[in-house]
Amino acid sequence: MAFSTQESLCRGTQFFAFRSAVFELWGELGWSDVTALLSSDARTALFKAEVSPVGWIAERHMIALAEAVFAGPSSKQQDVYLRFVAKMIAHGFGRIRRFFVRFAPPELLLERAPDLWRHDHSHGKLEVRVEGRRAQVVLSDHIHTTTELSRLTAAESFRCALAQTRAIHVRASHRLDEQQDLEILLEWV
């Protein structure tokens, strides 16, 4: 799908997954804390417009939501934030693709990852190389490569999605490479 906008967009399902995860972990008060930390631009885009699960949202607003969760209910504690990301993936990716993922070998999910990425994101290129029980995922030309928190969120999102397959004890590490692409290393049993 070609997009005429230069701005990176994602499916509205991500917004609903964020919201559901916040409500599950911290309730309505937590959601109020998150929304209070958003800029007026982000609040307008996310709450005054009609957000549809199959529609598109600017990724910068999703990054703003992640930063608000990290600064607000997560109290800037990485372990707490990573639990939130796991819940968010369970409410979004996991809920939508539950049947496919639950019975899939990890290699099948990784093979399909670039297509799944293109379905949910307007921009960015995702490449995956699998060798045994290790995979290297490289995300380039995308806003998620630009901040420390968005890189952590992306890496943990891939780890959590892979952990929903038959892979056991999935671990992830990530770094920026020389081209400023996000390189994620996934390993499992």
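**Ground rules.** I noted that residues are numbered from 1 along each chain as its sequence is written, and that side-chain values use heavy atoms, with hydrogens and water left out. Because the model is predicted, local features need pLDDT of at least 70 and side-chain atom pairs count only at pLDDT 80 or more, while totals for chains, interfaces and linings use all residues.

**Helix 4 and helix 8.** I looked up how helix 4 (residues 78-91) and helix 8 (148-163) sit against each other; helices are DSSP runs of H or I with at least four residues, numbered from the N terminus. Their axes are 9 Å apart and pack at an angle of about 50°, where an axis is a line fitted to C-alpha atoms over the stretch in contact and angles run from 0 to 180 degrees between N-to-C directions. That makes helix 4 oblique to helix 8, oblique being what remains once angles under 35 degrees (roughly parallel), over 145 (roughly antiparallel) and 65 to 115 (roughly perpendicular) are set aside. I recorded the crossing as right-handed, meaning that the near helix is turned clockwise from the far one by less than a right angle. On the helix 4 side I listed Q78, Y81, L82, V85, A86, M88 and I89, which meet L149, L152, T153, E156, S157, C160 and A161 in helix 8; contact means heavy atoms within 4.5 Å. These residues divide into ten nonpolar, three polar and one charged, with Ala, Val, Leu, Ile, Met, Phe, Trp, Tyr, Cys and Pro counted as nonpolar, Asp, Glu, Lys and Arg as charged, and the others, Gly among them, as polar.

**Helix 7 and helix 8.** I then found that the axes of helix 7 and helix 8 come within 10 Å and cross at roughly 135°, and these two helices are therefore oblique to each other. Helix 7 passes helix 8 in a right-handed crossing. The contact joins P106, L109, L110 and W117 of helix 7 to F158, A161 and L162 of helix 8, and by class it has seven nonpolar, no polar and no charged residues.

**Largest pocket.** A pocket here is an open set of points on a 1 Å grid over the protein atoms alone, where a 1.4 Å probe fits, with protein on both sides within 12 Å along at least five of seven lines; lining residues have an atom within 4 Å of a point. I noted a volume of about 660 Å³ for the largest pocket, volume being the space filled by probe spheres set on the points, which are joined across faces, edges and corners. Of its 34 lining residues, Q14, I89, F93, D120 and H121 are the closest to its centre. The lining has 22 nonpolar, nine polar and three charged residues.
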